[in-house]
Amino acid sequence: MASVGSPGGSEFEVVVRLKPEVLDPEARAIQETLTRIGYEGVKAVQVSKRYILTVDDQSGQGASLAEAVAREFLANPVSETFQVRKL
Amino acid sequence: MNFWQIRSQRPSKSESCNAMKRFTSTGAPRIGLIDFPGSNCDRDCLDAFSRHFGIKLQAVWHSERTLPKLDAVLLPGGFSYGDYLRSGALAAHSPIMVAVKNFVANGGPALGICNGFQILTESHLLPGALLRNQSRKFICKQVDLLAGSGGSVYGRSLAGRRLRMPIAHGEGRYFIDDDGLRRLQDHGQVAFRYVDQSGAASAEANPNGTRDNIAGIVSENGRVLGLMPHPERATDLLVGGSADGLAILESFLSSFM
């Protein structure tokens, strides 16, 4: 099993965010504050969580592993979506 | 001596006069209390079941891989694993939950309160998800609930009843998509709704932005109940002014007795 920084470990970014139809009170608070302090030009705010996974990619399976981790654990399919990309 | 042995040596509390069912130690149901790091309503549950029903809950630590022989499982409130990732998400993947899922898959009854409800949804034992309160605030107050009708033991025994008990959560906003909500409604799976003093599930009575004022739901087979309010904290008029939680705990017992 590769550890962080070991040979064969590749970094994958997983970004998890709420689905557009799900209210995000934190994002709303940020946007309301932006409007109040003069940044009326900001029309929408989304808050996401970003995970950096260092995974064993020697056999080229890193992307599918990161994808599986995102789908089964890091994101809740009921309320969230995710994107995975190699860094 | 471990923590639980020390607990069991606590002096017993005086008997309650409003106990509705009591059991002898040999005839008592076997209920497992699943304990996670960060569970903090486990003791309230122990006390409520012991004092009012004469039932000694059997604590099961999250790292166990098997359940003892049980009639039902209870997942208490708290902040399991610090609510990291999402509330209940890490607990849902703890070793004991494999056994809990098998237990429920075989028709075993389960009750999840607050964080226990969150763990049940994250484990996919109940549909939907519990998200950050719309107000962004942790809400701790008494609420009024209206029990829904339906084929579950809760629907049959409590339908139409108004119950008063506390909520205490930051992430209790029940979310499910439109199709899922319709399924819950059509199958009589909405166990409790937040209501106002007139008994209406109004926007004013909705404390956290939850869909359809939902406070608790049951599984399709009616054997698993998850709810955000705390029935175990409403079992004595001297504490909080309501003992309405006993009705829910009694229904839970009725689901396997």
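What radius of gyration does chain A have, and what would a compact globule of 87 residues have? I started my notebook here. Chain A has 17 Å, whereas a compact globule of 87 residues would have a radius of gyration near 12 Å. A reminder to myself: this is a predicted model.

**Entry 1: chain A as a whole**

I looked up the box that the C-alpha atoms of chain A fill, and along the principal axes it is roughly 50 × 25 × 15 Å. Next I checked burial, and buried residues make up 16% of the 87 residues in chain A. I then listed the elements and found 2 helices and 3 strands in chain A. Following the sequence, I read the pattern as β-α-β-α-β. I also looked at contacts in chain A with a separation of 6 or more, and 66% of them come from residues 24 or more positions apart.

**Entry 2: one residue, Glu80(A)**

I picked Glu80(A), which has its place in strand S3 (residues 80–86) of chain A. Is Glu80(A) buried, exposed or partly exposed? I found 19 other C-beta atoms within 10 Å of Glu80(A). Being buried takes 20 or more and being exposed takes 12 or fewer, so Glu80(A) counts as partly exposed.

Which residues does Glu80(A) touch, if those up to four places away in sequence are not counted? My list has Val16(A), Arg17(A), Leu18(A), Lys19(A) and Ala75(A). I also looked up Glu21(A), which is 59 residues from Glu80(A) along the chain. The C-alpha atoms of this pair are separated by 9.9 Å.

**Entry 3: strands of chain B**

I moved to chain B and began with strand S1 (residues 31–35) and strand S2 (residues 58–61), which pair in the parallel sense over 4 bridges. Within this pair, Gly32(B) stands opposite Gln58(B). How does the chain get from S1(B) to S2(B)? I traced it through helix H2 (residues 42–53) of chain B, and this β-α-β crossover is right-handed.

S1(B) also pairs with S3(B), in the parallel sense and over 3 bridges. Here I found Ile31(B) opposite Ala72(B). On to strand S4 (residues 110–113) of chain B: 3 bridges join S3(B) to S4(B), and these strands run parallel. Leu74(B) stands opposite Leu111(B) in that pair.

Which way do the residues of S3(B) point? I saw Ala72(B) and Leu74(B) point one way from strand S3 (residues 72–75) of chain B, with Val73(B) and Leu75(B) pointing the other way.

**Entry 4: the cores**

I looked up the largest nonpolar core, which has 76 residues. Among the members that touch the most others are Leu33(B), Ile34(B), Leu57(B) and Leu74(B). Helix H8 (residues 245–254) of chain B gives the most to this core, with 6 residues. A second, separate core has 9 residues, including Phe12(A), Ala70(A), Leu74(A) and Val84(A).

I then followed Ile34(B) and left aside its neighbours within four places in sequence. Ile34(B) is in contact with Val60(B), His62(B), Val73(B), Leu74(B), Leu75(B), Ile96(B) and Val100(B).

**Entry 5: where the chains meet**

Last, how many residues does each chain bring to the contact? I noted 11 residues from chain B and 8 residues from chain A.

Note on methods. Residues are numbered from 1 along each chain as its sequence is written. Chains are lettered from A and ligands numbered from 1 in the order in which they are written. This is a predicted model: local features need pLDDT of at least 70, side-chain atom pairs count only at pLDDT 80 or more; totals for chains, interfaces and linings use all residues. A nonpolar core is a set of buried Ala, Val, Leu, Ile, Met, Phe, Trp, Tyr and Cys residues joined through C-beta atoms within 7 Å. Two residues are in contact if their C-beta atoms, placed from the backbone, lie within 7 Å. Two strands pair if DSSP finds at least two bridges between them. A crossover is right-handed if, with the strands pointing away from the viewer, the path from the first strand over the helix to the second runs clockwise. The radius of gyration is taken over C-alpha atoms; the globule rule is 2.2 Å times the number of residues to the power 0.38.
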